[in-house]
Amino acid sequence: MFFAWSQNYAPLGGVGSSALVAVIPVALLLALLAFWHVRAHIAAIIALLVAMAIAVVVYGMPAKLALAAAANGAAFGFLPIGWLIINAIFIYQLSVETGQFTVLQKQIAGVSGDRRIQALLLAFSFGAFIEGAAGFGAPVAISGALMIGLGFKPLEAAKLALIGNTAPVAFGSLGIPLVTLAPLTGLDLLQLSAMVGRQLPFFSIIVPFWLVAAQAGWRGMVGVWPACLVAGTSFAVMQFLMSNLHGPWLVDIVSAAVSMIAVVVLMRFWQPREIQSNIAAVDGDLRAPSPSAENAPGLPAVASAQAGDRVPPVTGHPSRAWLPWIFLTIFVFAWGLPVVKNQLNAWYAPQIPVPALNNAVLKVPPVAPAPTPEKAIFSLNLLSATGTALLLAGIVSSFGLGVGVRRAFQIYGHTLLRVRISLLTISVMMALGFTTRFSGTDTTMGLAMAGTGWLFPFFSPLIGWLGVALTGSDTSSNVLFGNLQKVSAEQLGFPPILMCASNSSGGVMGKMIDAQSIVVASVATGGHPESPSAGTILRSVFWHSVGLALLVGMLVMLQAYVWTSVVPLAR
């Protein structure tokens, strides 16, 4: 006979005391990475074991369920996340091996030789475009690799890629976070889109200034304030218009395209008075990063600019340098279209119930209106996965760049070898996230924040921030805490639309510190003698994440108590 296990969000008798225990695995993981400099995969394994022990001993979760949840998370780490990373790095390596990456670097530098402008274009605008089309770590991987090639220091590239990948996240992957949130809460999708579009544009304006200030300091930011204003404002205006007049689907793609065009046009009429160039650009030596024979500590070497490495001779028109990225954009955009995705899933996308876990865990009030079985379905969507779109883009690019079949296989094999440890790390991190989700420890921490009374509008986006920091996904955070936000809002007399939207808006600021993003940033910038560890990257962005999340909390407080007319009327 089948018995389902009901989650208990206060196993120690109170939510507050239980939350102090629930936070231990997360706090331990952060401490191991940031302060004790433990390698990422080792830190993740330790945190996972602690989380499983707390789930079984404190929360009473059957050990079989805890093991099944961890296995489900590990599988999700390989597909779709690991599959995406492998193929994104493969495209990058194709560009490097053919020498086209150096041509691309020079063309981007031709827009402006100033590294601050380059950071705006790549980390903010182009990263937002990739976020809108793909998400799942692709923006950080691709923009980080591009910046490394332009001469940015590895830590700087990783930090900027993570900070830039914030404001677009709620509308990422063609609006999936909000498309998922709407049916879970019973709220209108277009109203959710409109509400998020009345929160994030403020931060779309702020983030470019914040990004350049984190890169070059206050004075460095003031030197390019027109570019920051143009990049942020053009993005914010389109983000508001698209989210309020069209819906969540194309917000990032349209906004990012307009932002990139606006900055390029500005550069035709204005340039910074003082140009800040990277060392490689100053020396006139833009070397294509090449595979390193040595691994950075705890991370695989993906690409490095070693002394004496030279790019292969380049033939053909300079526009060929854009072929891999054009194909990437075309395939990823096409794969994101519902008609394409649905057809690919119809051909092959078996939905596999996770043994021992599917419907074996019950979510209970106040997280769910009534005891509700938690589904655990592993989607083997190899055809519709974004990683497959990237693989096809890589295959087409290899033909377009004149790479032979044998050489393409060699490059792909080399890529697999280099990212093997990072794939392990990502899988273990996702196992940790799934364990805390199914055991209910995530929800305990969310409930602790939800019990803050009149301050709940301030903490509402922080719940979303916590959810993304733990799960690595704004979509997963909305699944985890969306109904909690709605129930808490109704009990406290706040508009559910505002609080549910705030979960997604606040969650975007947690994207830069989640384990998945940190590891992806490490992979994208690894292999160089100065490549940072995952802990170093985490320390470099942690307070930026906290600061921006607190600002979202202040905005939601203002919208809840003062600027109440901004909330869409319930239909």
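**View 1. Asn381 sits in the loop between strand S5 (377–379) and H17.** Helices (H or I, at least four residues) and strands (E, at least two) are DSSP runs, numbered from the N terminus. This is a predicted model: local features need pLDDT of at least 70, side-chain atom pairs count only at pLDDT 80 or more, and totals for chains, interfaces and linings use all residues. Residues are numbered from 1 along each chain as its sequence is written, and side-chain values use heavy atoms, with hydrogens and water left out. Asn381 counts as buried, at 18% relative accessibility. Buried means under 20% relative accessible area, exposed over 50%, and partly exposed in between (1.4 Å probe, protein chains only). Not counting residues up to four places away in sequence, Asn381 touches Leu79, Asn345, Tyr348 and Ala349. Contact means heavy atoms within 4.5 Å.

**View 2. Helix H17 covers residues 386–400.** Its 15 residues reach 21 Å from first C-alpha to last. That is close to the 21 Å expected at 1.5 Å a residue; the expected span is 1.5 Å times one less than the number of residues. Buried residues of H17 include Thr386, Gly387, Leu390, Leu391 and Ser398. Among the elements covering the buried residues are helix H4 (63–97), helix H15 (323–336) and helix H18 (405–418). Gly402 follows H17, with a positive phi near 75°.

**View 3. Ile326 lies in helix H15.** Its relative accessible area is 41%, so Ile326 is partly exposed. Val364 is 38 residues from Ile326 along the chain. The C-alpha atoms of Ile326 and Val364 are separated by 47 Å.

**View 4. Helix H20 (residues 441–450) is mostly covered.** Eight of its ten residues are buried. They are Thr441, Asp442, Thr443, Thr444, Met445, Gly446, Leu447 and Ala450.

**View 5. Helix H10 (residues 189–196) packs with helix H23 (residues 496–507).** The angle is about 60°, and the axes are 9 Å apart. Axes are lines fitted to C-alpha atoms, for helices over the stretch in contact, and angles run from 0 to 180 degrees between N-to-C directions. H10 and H23 are therefore oblique to each other. Angles under 35 degrees count as roughly parallel, over 145 as roughly antiparallel, 65 to 115 as roughly perpendicular and the rest as oblique. H10 passes H23 in a right-handed crossing. A crossing is right-handed if the near helix is turned clockwise from the far one by less than a right angle, and left-handed if anticlockwise. Gln191, Leu192, Met195 and Val196 of H10 make the contact with Ile497, Leu498, Cys500, Ala501 and Ser505 of H23.

**View 6. Helix H11 (residues 200–222) crosses helix H25 (residues 534–561) at roughly 155°.** Their axes come within 12 Å. H11 is therefore roughly antiparallel to H25. The crossing of H11 and H25 is right-handed. From H11, Phe202, Phe203, Ile206, Trp210 and Ala214 meet His544, Gly547, Leu548, Leu551, Val552 and Leu555 in H25.

**View 7. Helix H21 (residues 456–471) also packs with H25.** The angle is about 140°, with the axes 7 Å apart. H21 and H25 are therefore oblique to each other. H21 and H25 make a right-handed crossing. On the H21 side, the contact is made by Pro457, Phe458, Pro461, Leu462 and Trp465. On the H25 side, contact residues include Ser545, Val552, Gly553 and Tyr561.
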